[in-house]
Amino acid sequence: MPGSASISCMGPWPKDVGIIAMELYFPSQYVDQAELEQFDGVPAGKYTIGLGQARMGFCSDCEDINSLCLTVVQRLMERNSLSYDSIGRLEVGTETIIDKSKSVKTVIMQLFEDSGNTDVEGIDTTNACYGGTAALFNAVNWVESSSWDGRYALVVAGDIAVYATGSARPTGGAGAVAMLVGPNAPLAFERGLRGTHMEHAYDFYKPDLMSEYPVVDGKLSIECYLSALDRCYSVYRKKIHAQWQRESSDKRFCLDDFGFLVFHSPYCKLVQKSLARLMLNDFLAHPSPNTETGAFTGLDAFRDIRLEETYFDRDVEKAFMKASTDLFEKKTKCSLLVSNQNGNMYTPSVYGCLASLLAQHTTSQLAGQRVGLFSYGSGSAATLYSVRVTQDHTPGSALDKLVCSLSDIRQRLDSRRKVSPAIFSENMKLREETHHLANYRPRGSADDLFPGTWYLTRVDEKHRREYARRPLDSELPAEPQLVHSTTAMEHIPSPVKKMPRIPAATAVPEAAVSN
């Protein structure tokens, strides 16, 4: 059963380490992108067609990175009936920095007070949108190492993506994802199959520590993203070819070997272009592609092009987007639900895409599939890796529980409150003026939040932040539970849908899990 260390994982490392459970949080309000086009005075379709975005979630001043992460962690723990003493590692990936010293992880630790569990490794990890992936890799590595004590790892990726007024503003968003990591997982990491690319670039960065807004070189950012994708895919293919050769197979890897592909999604159109980009890679890497029939039909004119010269070549882009249409529809399009409806969440982006994929397929459609994930963070850091979905899709299986837990995503998206572009703009102005103020009480109302959402109640004269949780029962008055307090918090019974309890991970002898 998921998370338990059975005899099957006795050996050099635990078996099938990966994602056991997931939880997704996004704000309860959004602005319509078509209405935002009108408000901004840009041509119709610039955001909705050009970027591929329909709606953009955003936070009022009563939500910050700490409240987002508190919400998603408590929701995951409650819905999966997990005890806080079953967690041995907690790491947060975020680029939304509100304190240059104190980590978001230490704020989340106040949820652990009732359990008495303070033996929890991990802190925050930061590099633009890549921090969540780095935290996830660290969690997997911890479970597979001699440091593992048999408990779960918990990974949190969260951000508030906001931009100054201008062309980048419609690519914002906000949200958080929590992932439970352990052995015998329904989404198991494929060992040794990671292609990583790291380099120095100023494509997107945040040098002004008093502002939430980044400095963005849009064209360079796109080039860095696509270049990193090319290089990560090349490394990934070399590694899987090496594995296959050790198994006496001379098979050539291509996109068909992925059951599904999900990407970090700054905006949906870039994801569609990215899949086309991978088809271009397959085409150029093939020793003798068939351009008469099949996927590469009519592409012979592009046989001698160089990858690094095609980042902004419209002819190449158009030809391969057309050629990859079927692949996009089958392998990637369904992963863009949250991205299209909520926008770019930064570190949780690729995992919101993974959740969207799982939410819109049956367990039988997912079972046994290889899912490729491309994670990118400006600066820049990127990895293409894969997870293998378990074959067991029987009712009550780990996969069934995971998929069931995410099945309400579309319903939750549809239940949000639409806000006019004018009100959205006022919210952005308020955040801009009050970001990092001391002696501040947010003006946003907790009544506008989803039940069970944590929110900021006050920033004192020393910049210490206090939070409360909106009750899960929306008919009850909001009774603040100040998480800065050292007293135990009162447990609130949860009326939300709970998944069957996941057994606590069982400790195994250190020698059995050493690398």
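Reader: Which residue lies over the face of Phe 283, and at what distance from the ring centre?

Author: Arg 303 does, 5.6 Å from the ring centre. A charge counts as over a ring if NZ of Lys or CZ of Arg is within 6 Å of the centre and within 35 degrees of the ring normal. This is a predicted model, where local features need pLDDT of at least 70, side-chain atom pairs count only at pLDDT 80 or more, and totals for chains, interfaces and linings use all residues. Residues are numbered from 1 along each chain as its sequence is written, and side-chain values use heavy atoms, leaving out hydrogens and water.

Reader: And what sits over Phe 137?

Author: Arg 194, at 3.9 Å from the centre of that ring.

Reader: Changing topic. What is the strand order in the open sheet of 3 strands?

Author: E3-E2-E14, and the pairing is mixed. Strands (E, at least two residues) and helices (H or I, at least four) are DSSP runs numbered from the N terminus, and two strands pair if DSSP finds at least two bridges between them.

Reader: Which strands are at the edges?

Author: E3 (55-57) and E14 (417-419), each of which pairs on one side only. E2 (residues 29-32) runs antiparallel to E3, and 3 bridges join them. Across that pair, Tyr 30 faces Gly 57 in E3.

Reader: What packs on the sheet?

Author: Helix H1 (residues 33-40) does, and it touches E2, E3 and E14. Contact here means heavy atoms within 4.5 Å.

Reader: On to H14. How far apart are its end C-alpha atoms?

Author: 20 Å, which agrees with the 20 Å that its 14 residues (421-434) should span at 1.5 Å a residue. The expected span is 1.5 Å times one less than the number of residues.

Reader: Which residues of H14 are buried?

Author: Pro 421, Phe 424, Asn 427, Met 428, Leu 430, Arg 431 and Thr 434. Buried means under 20% relative accessible area, exposed over 50% and partly exposed in between, with a 1.4 Å probe and protein chains only.

Reader: What do they pack against?

Author: E2, H1, E3, E14 and strand E6 (152-161). After H14 comes His 436, which has a positive phi near 70 degrees.

Reader: Last one. Where is Ala 295, and is it buried or partly exposed?

Author: Ala 295 lies in the loop between H6 (268-285) and H7 (314-323). It is partly exposed, at 47% relative accessible area. Beyond residues up to four places away in sequence, Ala 295 touches Met 279 and Ala 323. Its C-alpha is 9.8 Å from that of Thr 325, 30 residues apart along the chain.

Definitions and conventions
Axes are lines fitted to C-alpha atoms, for helices over the stretch in contact, and angles run from 0 to 180 degrees between N-to-C directions.
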